[in-house]
Number of protein chains: 2
Amino acid sequence: MERVTASGARAGALTTPHGALETPFFMPVATQATVKGVDVGRLRDTGARMVLANAYHLHLRPGEDQVAVRGGLQAFMGWDGPMLTDSGGFQVFSLAKQVRVTEEAAHFQSHLDGSAIELSPERSMQIQERLGADIAMQLDHVVALPSSREKVDDAMQRSLRWAVRCRDAHQRQDQALFGIVQGGLEEDLRFKSAEKLIDIGFDGYAIGGLSVGEGPHAMYATLRSVMPVLPLQKPRYLMGVGRPQDILEAVSQGVDMFDCVLPTRCGRNALAYTLNGTIRLRNARHSLEEGPIEEGCLCAACRHSRSYLRHLFLANEMLGPILVSIHNLTFYSRLMGLLREAIIENRFDEVKQNLERSLSGGEPLSSAENDA
Amino acid sequence: MERVTASGARAGALTTPHGALETPFFMPVATQATVKGVDVGRLRDTGARMVLANAYHLHLRPGEDQVAVRGGLQAFMGWDGPMLTDSGGFQVFSLAKQVRVTEEAAHFQSHLDGSAIELSPERSMQIQERLGADIAMQLDHVVALPSSREKVDDAMQRSLRWAVRCRDAHQRQDQALFGIVQGGLEEDLRFKSAEKLIDIGFDGYAIGGLSVGEGPHAMYATLRSVMPVLPLQKPRYLMGVGRPQDILEAVSQGVDMFDCVLPTRCGRNALAYTLNGTIRLRNARHSLEEGPIEEGCLCAACRHSRSYLRHLFLANEMLGPILVSIHNLTFYSRLMGLLREAIIENRFDEVKQNLERSLSGGEPLSSAENDA
């Protein structure tokens, strides 16, 4: 990472076998090897440069061997840019049934067909190496929040031991491996987790187990305690985050990478992001609105009026979800570009303040949203 | 229509306020002002040049006034090419509830909310003029087949009287109006319907009330009795048809225009068209298939392997329906292009024979399919 600092925010570059990326950046989520409703050509048009897929989901279907035989994830889904696979720790603990964690592995039943699966750190590395993304994530033990300090500590310690096993098992030289900081909302546990991970040594460091219902203030406080510990020269990735305002705050604390299902999930539900806040396209007040979602936006959705987009949602036409997903991904790319530019031009604090004000102007999200 | 003849098939041009079209051509169906799952940019890429929308559906939602205030259908949906609106006669008699036909109008309840609607020939013209497509269709009285000769005759006669009223009520100079030949499978009734419509005088003539379960042979026989009656210099449109083999046959009898939901409906159901027949992408035998749906096809779907497309359908990802709809529309455009080329090069009979053989090679359709 080269970097330019203004407040805690940083702009740099991340090099991968599939090209270099300017940081900070946002990764659209392609859980099952597709960003929902968006073909790779349209995805490229949104400004997205790196895409996340999920090893848990792809292990279950179609299986990593089928992906490997096609030449890996990029060839399989036709995406020629960088990719990252999440290990699926989060999905095991949120989606799978009958989860039992031993020191050896997580044991659970597939949420698809109930078949018994054992996911060890070594197996996770094997799966992710076969999937072949540019960045793999360690397998971690994720606990729901709130949980007792004892439970959070136990899972964090296990995640550290699994981190060592992942590091030892990981072989592909053309694939980076990131460790994941755990420890819930306990400042000292987060601190300890980060320090130990740095000792083990990873190509980058992620903050996991956040955006699981703890609220933005607890998330920001946790970031404040962890970020200063992480090495400046390595990329920092805040997993599963988040809303535009969360990204502003996290970038100000030095986070480089994000992923979140919000742009596509909200897009499927007729909620559009703009720099002046969110727009609920089902609202009757858009029925005669000739303007696009956002003036000046060049995406495929903004070729249309809000009234047309509203019609698509009321008529249950899949083009509505498709177009607003494309718009929201374009919005996230533009937002990251604005933040990067502001950092480089040393105007970040001012831009952040202005964006915080303007972004709060729309129709609010009804509830926090996380994803499969 | 200029034309080049070889057997009964003809190639020509149709001029509309939104540009000229080479015939014969196929219109993708945008019932509710969108081709299901395909944005207008991708739609243009399929080779489609004219699109059909449905006045019945658009009258119910969002209403022709909302479309007119946006500047008409083309502006509303962002499609800059020619369009045609079906009057909705077929939908009234297939979708609406409590249908009662008087000489004055069709009376029925909306299939959306049960509200009472009266659709007269004059009202249909008003709605279609407000929608503003390049071609409007007369309101006709459609009966299900099989029906008694008496019932078919009665509906055909009423359709003729409504045709006169449509002709008289239609005012827009920049919109063509087509009459619709009815008469079920009764050769003499079809003949009479066609003759009378020609007396009334329309910009083009459609064959309606076919592809409603009567089987291909009855359809072809009906075409054979009607087509020779229709004036050579006017476009001929076979409504709601059809399968590639039906199009081959109809083109050989001099039909110029087609529309059908098959390419998109089949696309949503993982059935892909190729020159070597249909492919069912859910079939296990495609799970390791590295090749695309069709070698040499340049569509967005054919950038991908069949195994990836199969994965999308098994994973219930909307990108599967999107991509295969795009492929099928591209296939229909290519097919029409091949037929036109064959007509111009005076090789139509040979090409038709070869295509009939190759198209029958795939996995067959499970059932006839018609649409909303």
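These are my notebook entries on two spots I looked up in this predicted model.

**Entry 1: the two domains of chain A**

I started with how chain A is divided. The domain assignment puts residues 4-260 in domain 1 of chain A and residues 267-359 in domain 2 of chain A. I then looked up the spacing, and the C-alpha centres of these two domains are 27 Å apart.

Next I asked myself how many residues of each domain are in contact with the other.

In chain A, β1 (4-6), β2 (9-16), β4 (25-27) and α10 (244-252) each bring at least two residues to the side that touches domain 2. Which of them gives the most? I noted α10(A), with 6 residues.

I also sorted this side of domain 1 of chain A by class: I got 14 nonpolar, 6 polar and 4 charged residues.

**Entry 2: Gly89 of chain B**

I moved on to chain B and picked Gly89(B), which I found in helix α5, spanning residues 89-94 of that chain. Is Gly89(B) buried or exposed? I put it down as buried, because it has 28 C-beta neighbours inside 10 Å and the cut-off for buried is 20 or more.

Then I looked for its partners beyond four places in sequence. Gly89(B) is in contact with Leu139(B), Asp140(B), His141(B) and Val142(B). I checked Met137(B) too: Gly89(B) and Met137(B) are separated by 48 residues in sequence, and their C-alpha atoms are 9.3 Å apart in space.

Technical notes: Residues numbered from 1 in each chain as written. Chains lettered and ligands numbered in written order. Predicted model: local features only at pLDDT ≥ 70, side-chain atom pairs only at ≥ 80, totals over all residues. Domains from an automatic or database assignment. Contact = placed C-beta atoms within 7 Å. Helix = DSSP H or I, 4+ residues; strand = E, 2+ residues; numbered from the N terminus. Nonpolar A, V, L, I, M, F, W, Y, C, P; charged D, E, K, R; others polar. Buried ≥ 20, exposed ≤ 12 C-beta atoms within 10 Å, placed from the backbone.
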